[in-house]
Amino acid sequence: MFPENRESYSAPLGEGFFSRLLGLGKRVPQAGEVDSLGLGKSVHPIFPEDLSSDLSKDRSVGRLPDRVRADQVIEQPKSTETWEAYADAFRRRYRTDPVRNRRTNAQLCQLVDRLGKAEAPAVAAFYVSMSLPFYVSRYHSVTLLLRDAETIRTQWATGSVLALPARTVADLL
């Protein structure tokens, strides 16, 4: 397919195209040397523009404003009330704060999407009060709350919790 003698093959882009593109054959100034403009900055062969003026040196990037205007409303995440109800019930039961991270926040937002903003906080608090061994053994993780959301909501709404056999309750004590 390709000729044996590659030199006889004429490149469609002209001689030395890739060498010029990659900056091959040029001497790259070392750190501290003066570049061709005499500015004392080294010049990269592929990216000759000065990248030292990036946004990381701008102290205002990523900062919140110092003051919030009176007419400005800061909206809280939709899972805030649900988190507070879950965390309060968790603290009462286990006497420590629950873990809060990105995954927990996302799962609580999904819970609010599935149950609604009005019911989700009460269902979350009810979930932590449940004494089913499966939930207790996993310290009432938010993952299980989300997994069984509709079942827990139904038990909360009807006031009926699955009854455990007497021997199972005794085994837990």
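1. Arg-91 counts as partly exposed, at 35% relative accessibility. The class runs between buried (under 20% relative accessible area) and exposed (over 50%), with a 1.4 Å probe and protein chains only. The model is predicted, so local features need pLDDT of at least 70 and side-chain atom pairs pLDDT 80 or more, while totals for chains, interfaces and linings use all residues. Residues are numbered from 1 along each chain as its sequence is written, and side-chain values use heavy atoms, with hydrogens and water left out.

2. Arg-91 has a salt bridge with Asp-88, at 2.9 Å from N to O. A salt bridge here is a side-chain nitrogen of Lys or Arg within 4 Å of a carboxyl oxygen of Asp or Glu. Both Asp-88 and Arg-91 belong to helix α2 and sit three residues apart, about one turn of the helix. Helices (H or I, at least four residues) and strands (E, at least two) are DSSP runs, numbered from the N terminus. Asp-88 is partly exposed, its relative accessible area being 38%.

3. Arg-91 also pairs with Asp-97: the closest N and O atoms of this salt bridge are 2.5 Å apart. Asp-97 is exposed, with 51% relative accessible area.

4. What does the salt bridge of Glu-150 and Arg-114 connect? The closest N and O atoms of this pair are 2.6 Å apart. Glu-150 lies in helix α7 and Arg-114 in helix α3, so the pair ties together parts that are 36 residues apart in sequence. Glu-150 is partly exposed at 40% relative accessible area, and Arg-114 is partly exposed at 39%. As for networks, salt bridges with shared partners join Asp-88, Arg-91 and Asp-97 into one. The count by this rule is six salt bridges.

5. Helix α4 spans residues 120-129 and is mostly covered, with seven of its ten residues buried. The buried residues are Ala-120, Pro-121, Val-123, Ala-124, Phe-126, Tyr-127 and Val-128. Their cover includes α2 (80-94), α3 (102-115), α5 (133-137), α6 (142-147) and α7 (149-158).

6. Two packed helices are described by the angle between their axes and the distance between the axes. For α4 and α7, the axes come within 9 Å and cross at roughly 90°. Axes are lines fitted to C-alpha atoms, for helices over the stretch in contact, and angles run from 0 to 180 degrees between N-to-C directions.

7. On the α4 side, Ala-122, Val-123, Phe-126 and Tyr-127 meet Ile-152, Arg-153, Gln-155 and Trp-156 of α7. By class, the contact of α4 with α7 has six nonpolar, one polar and one charged residues. Ala, Val, Leu, Ile, Met, Phe, Trp, Tyr, Cys and Pro count as nonpolar, Asp, Glu, Lys and Arg as charged, and the others, Gly among them, as polar.

8. The protein chain contains eight helices and zero strands. Of its 173 residues, 23% count as buried. Among contacts (heavy atoms within 4.5 Å) with a separation of 6 or more, residues 24 or more positions apart account for 60%. The accessible surface of the protein chain comes to about 13,500 Å², and 55% of it belongs to carbon and sulfur atoms.

Technical notes
Accessible areas come from the Shrake-Rupley method with a 1.4 Å probe; for residues, only the protein chains shown count as cover.
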